[in-house]
Amino acid sequence: MNFFFYLAAAIALISTIMAISGRNAIHALLNLIISLLAVSVIFYLLDAPFIAALEVIIYAGAIMVLFIFVTMMLNIGTEKKIEKRWLNPRVWIVPSILAALLLVDFILIINGLQIPEPVDETLNTKQVGISLFSTYVLAVEIAGILLMAGVIGAYHLGSQKKKVTHRFLKK
Amino acid sequence: MLTVPIETMLIFAGLLFLIGLVGLLTRRNLIFMLMSIEIMFNSAGLVFIIAGRHWKQADGQVMFIFILAVAAVEVAIGLALLLQVYHHYKTLDADSVGKLKDNNQ
């Protein structure tokens, strides 16, 4: 079991790095889908099969397909010169070293933590559902309102309108 | 039964978050910046799942579902904005979208 965890973690890290450093947007998105599938395997190993299914269906299925559709719609070609300069190692090596130092700090702190031993019970999806619709029912309503606002906002932003200028600004 | 220590899992989630952060800071393409934000959302959710499994609390998985909803809304709005930016400026370079910047200084 531990081997599968380490394998999935390595796949996730490598494919995420490839997704971030890729030049081609479609290739980067496909790498990101591999990374999300690897994280989904980790969720399954962590006794959360429902969350693993959600990760595949919503993240890798819906969100990434949205990205790919937009990328294909825009037909993005080669990157701009300025980004080529940004991707030059000389520019990002110092921030990366600083971030790596912070990571070392984080690892040392985590290793020094006194984390209590895990409790010996089982957690199944039924408990998650009961908790979601009893303790967190207000948060579910708020998430519904947020999704509604997202739908209206995306519709408003996505509709192709004629360019309207205010009557005072008209020449 | 998975016996990986929780420290290792947290470090893995931290590494994923770090990769997303570095991507957000180094890339200037708006699509890549949105992708990096997604990676960071995902690693934050991973921490919730890890902690929820450690203490056998359902709250971790509930929080992940909320993170999923927020990420979906964020992507929908972000991509709609991205389409509008492309429509107006014919580029996805984040630095070129600087019309609000005061150039008189």
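Visitor: Is A:Phe5 buried or exposed?
Guide: In this predicted model, the relative accessible area of A:Phe5 is 1%. Residues under 20% count as buried. A:Phe5 is therefore classed by its 1% as buried.

Visitor: What is the geometry of the ring pair formed by A:Phe5 and A:Tyr6?
Guide: Rings pair if their centres lie within 6.5 Å, and planes over 60 degrees apart count as edge-to-face. The centres of A:Phe5 and A:Tyr6 are 5.6 Å apart, with 75° between their planes. The pair is therefore edge-to-face.

Visitor: Which residue joins A:Phe5 and A:Tyr6 in a cluster linked by ring pairs?
Guide: A:Tyr6 is partly exposed, at a relative accessible area of 41%. Ring pairs link A:Phe5 and A:Tyr6 into a cluster with a residue of chain B, namely B:Phe12.

Visitor: Why does the aromatic pair of A:Tyr136 and B:Phe66 join two chains?
Guide: These two rings form an edge-to-face pair, 6.3 Å centre to centre and with 65° between the planes. A:Tyr136 lies in the loop between helix H6 (125-134) and helix H7 (137-158) of chain A.

Visitor: Which residue lies over the face of B:Phe32?
Guide: The distance to the ring centre of B:Phe32 is 3.8 Å. The residue over this face is B:Arg27.

Technical notes
Residues are numbered from 1 along each chain as its sequence is written. Chains are lettered from A and ligands numbered from 1 in the order in which they are written. This is a predicted model: local features need pLDDT of at least 70, side-chain atom pairs count only at pLDDT 80 or more; totals for chains, interfaces and linings use all residues. Side-chain values use heavy atoms; hydrogens and water are left out. Rings of Phe, Tyr and Trp (its six-membered ring) pair if their centres lie within 6.5 Å; planes under 30 degrees apart count as stacked, over 60 as edge-to-face and the rest as tilted. Buried means under 20% relative accessible area, exposed over 50%, partly exposed in between (1.4 Å probe, protein chains only). Helices (H or I, at least four residues) and strands (E, at least two) are DSSP runs, numbered from the N terminus. A charge sits over a ring if NZ of Lys or CZ of Arg is within 6 Å of the ring centre and within 35 degrees of the ring normal.
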